[in-house]
Amino acid sequence: MTNPIDLSVVLDADLIRRYDKHGPRYTSYPTVVEFHEGFGKADYRAWAERTNEDPIPSSLSLYVHIPFCDTVCFYCACNKVVTKDHSRAGPYLQRLGLEIERQGALYDADRQVEQLHLGGGTPTFLSHKQIRELMRALREHFSLREDDIGEYSIEIDPRKADELTVALLRELGFNRMSLGVQDFEPEVQRAVNRIQSEEETHRVIAAARSQGFKSISMDLIYGLPHQTVESFGRTLDKVIAVSPERLSIYNYAHLPEVFKTQRRINEADLPSPDEKLKILQYTIERLTKAGYQYIGMDHFAKPEDELAVAQRNGTLTRNFQGYSTHAECDLVGLGVSAISKVGFCYAQNVRNLDEYYSRIDAGRLAVYRGIELTDDDVLRREVISQLICHGQLDIESIEQRFGIEFTEYFAAERDVLGTMQADGLLKMDDRTIEVLPPGRLLIRSICMVFDRYLRPHGKQPYSNVI
């Protein structure tokens with residue numbers, strides 16, 4: 001990487017109004033919109049085998065999707081199955097175990113799992129016995145670490161976990177957790193159908209601290225019904241008081257035409273765009289004052305947290321869970337709708353349970369679509385990754401790695417970047433592109449300049465960047 005840059009943030013309302021358009025979150029490039037069914041399980045197998053043959057095969061990162069929730073949060077855009085029938089987890093775990101076995105057989109046993117993440121849905125929908133059995137299957141078919149060095153995390157709904165749950169998770173090797181909170185205000189909770197007391201949240205955090213979890217992350221959402229700067233400030237004060245190592249502050253994207261459960265949110269109760277900007281500005285100021293470092297987009301971390309350390313030492317990356325610390329890993333997605341990133345391909349499993357069960361019962365993998373990256377995709381992915389993770393681009397390193405002349409290859413893009421430079425979003429010369437403090441909140445708009453798949457006309461299938 002080049003020299004350290006200014007990581008501060010400046011919220012310029014005029015610039016945001018000009019550049020706040022629909023755009024990807026760049027958890028992958030190309031994005032999932034470009035995945036197609038011409039890429040299937042045979043292509044994925046071939047890439048898995050190819051990565052085994054690398055002179056130094058990459059370590060692995062595993063993502064396991066548990067889709068079940070017993071209540072629906074109206075804002076949620078995740079792939080989920082809402083049910084109070086916990087017996088439905090059994091048939092799913094049976095098939096998941098078979099997929100774990102088949103996927104594990106694709107990768108050499110010496111490829112250690114440096115990262116593991118259980119997400120959903122609600123992973124703690126599972127019983128203690130089921131969680132234990134799931135981890136047993138993962139350890140049988142993948143090379144999980146036996147020490148406490150890996151980053152093994154799980155998403156927790158504090159309403160569905162207690163001290164015994166937390167103790168079990170620690171025993172099984174988890175050392176990080178992410179807690180869904182969204183907002184502590186009762187009026188907001190009622191409007192989005194997520195009633196969660198402070199006591200429930202504090203109890204889980206206290207248990208995690210006592211069990212020696214290394215990192216606790218909390219998820220909040222701004223832009224929900226009835227939120228104001230003052231009300232969200234009260235939630236921030238309560239969150240800061242329990243001092244999580246990381247925070248994700250997501251912008252609520254109201255897309256009821258896409259996500260049916262959002263139709264149950266009264267649009268008239270949502271804060272105005274100006275109020276949302278004020279909430280965001282206050283959030284950045286409040287968290288910065290409390291000692292958190294703005295990582296990018298919606299992530300904050302304490303300076304000593306591994307996320308902040310990875311950003312400083314150049315190993316920060318983005319994947320389908322957001323910012324992550326192990327850029328070198330191949331990612332294997334397990335479960336319904338899960339996405340893998342292996343070698344120079346992405347592969348996604350089928351998105352509904354019936355088809356997932358059908359494919360697994362037929363002795364197949366669940367992959368149904370994906371994409372194999374072209375040389376141009378790999379180049380643009382690296383450019384976007386450096387900008388979105390580190391706020392700067394080392395042009396010379398890109399030229400040497402990909403054998404291009406940057407100014408010539410990206411001539412059209414540099415014209416657009418020149419306008420952004422004149423507007424104060426970035427600084428650019430022949431050696432570097434550096435995102436300036438007013439551009440940090442608009443990093444998605446900057447990255448979009450390098451995205452050759454974006455349609456110049458017609459509505460983009462994405463939320464606004466702010």
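An open sheet of three strands runs in the order β18-β20-β19, with antiparallel pairing. Strands β18 (392-394) and β19 (426-428) stand at the edges. Each has a single partner strand, so one side of each is left without a neighbour in the sheet. From one strand to the next, the twist averages 10 degrees. The model is predicted.

## The sheet and its helices

Look at the pairing first. Strands of a sheet pair through backbone hydrogen bonds, either parallel or antiparallel. Here β18 and β20 (residues 432-435) take the antiparallel sense, over three bridges. Residue Q392 stands opposite E434 in β20.

Two helices touch this part of the structure. Helix α12 (residues 375-390) packs on the sheet, in touch with β18 and β20. The direction of α12 makes about 135 degrees with that of β18. Helix α13 (residues 395-402) lies across β18 and β20. Its angle to β18 is about 50 degrees.

## Helix α2

Helix α2 covers residues 41-52, which makes 12 residues. The distance from its first C-alpha to its last is 17 Å, close to the 16 Å expected at 1.5 Å a residue.

Which residues of α2 are buried? They are Y44, W47, A48, T51 and N52. These residues cover an arc of only 145 degrees around the axis, which puts them on the same side of α2. An α-helix has 3.6 residues a turn, so residues three or four places apart point the same way.

What do the buried residues of α2 pack against? The partners are helix α3 (89-104) and the strands β14 (330-334), β15 (339-342), β16 (345-349) and β17 (367-372).

Residue S340 has A347 in β16 as its bridge partner.

In a regular strand the side chains alternate between the two faces of the sheet. Strand β15 can be read this way: I339 and K341 point one way, and S340 and V342 point the other way. All four of these residues are buried.

## Helix α10

Helix α10 (residues 306-313) has the buried residues L307, A308, A310 and Q311. Seen down the axis of α10, they fall within an arc of 160 degrees, so they line one face of the helix. They pack against strands β9 (246-251), β10 (293-296), β11 (299-301) and β13 (322-324), and against helix α12. Helix α12 is also the one that packs on the sheet, touching β18 and β20.

Both ends of α10 have a detail to find. At the start, a side-chain oxygen of D305 reaches to within 2.9 Å of the backbone nitrogen of L307. Just after the helix, G314 takes a positive phi of about 85 degrees.

A residue counts as buried under 20% relative accessible area.

| Residue | Relative accessibility | State |
|---|---|---|
| S178 | 14% | buried |
| Q189 | 6% | buried |
| E185 | 12% | buried |

Where does S178 lie? It is in strand β7 (residues 176-182). Not counting residues up to four places away in sequence, S178 touches I154, E155, I156, S217 and D219.

Residue E185 sits in the loop between β7 and α6. With residues up to four places away in sequence not counted, E185 touches S231, R234 and T235. The C-alpha atoms of E185 and A161 are separated by 21 Å, and these residues are 24 residues apart along the chain.

Residue Q189 is found in helix α6 (residues 186-192). Leaving aside neighbours within four places in sequence, Q189 is in contact with D183, F184, R194, I195 and Q196. The contact with D183 has a polar side to it. A polar atom of the Q189 side chain lies 2.9 Å from the backbone oxygen of D183. Along the chain, Q189 and L224 are 35 residues apart, and their C-alpha atoms are separated by 9.2 Å.

Terms used
Residues numbered from 1 in each chain as written. Predicted model: local features only at pLDDT ≥ 70, side-chain atom pairs only at ≥ 80, totals over all residues. Heavy atoms only, no water. Pairing = 2+ DSSP bridges. Helix = DSSP H or I, 4+ residues; strand = E, 2+ residues; numbered from the N terminus. Axes fitted to C-alpha atoms, helices over the stretch in contact; angles between N-to-C directions. Contact = heavy atoms within 4.5 Å. Expected span 1.5 Å × (residues − 1). Buried < 20%, exposed > 50% of the residue type's maximum accessible area, 1.4 Å probe, protein only. Arc of directions from axis to C-beta. Polar contact = N/O pair within 3.5 Å; in protein donor to acceptor, adjacent residues only side chain to side chain.
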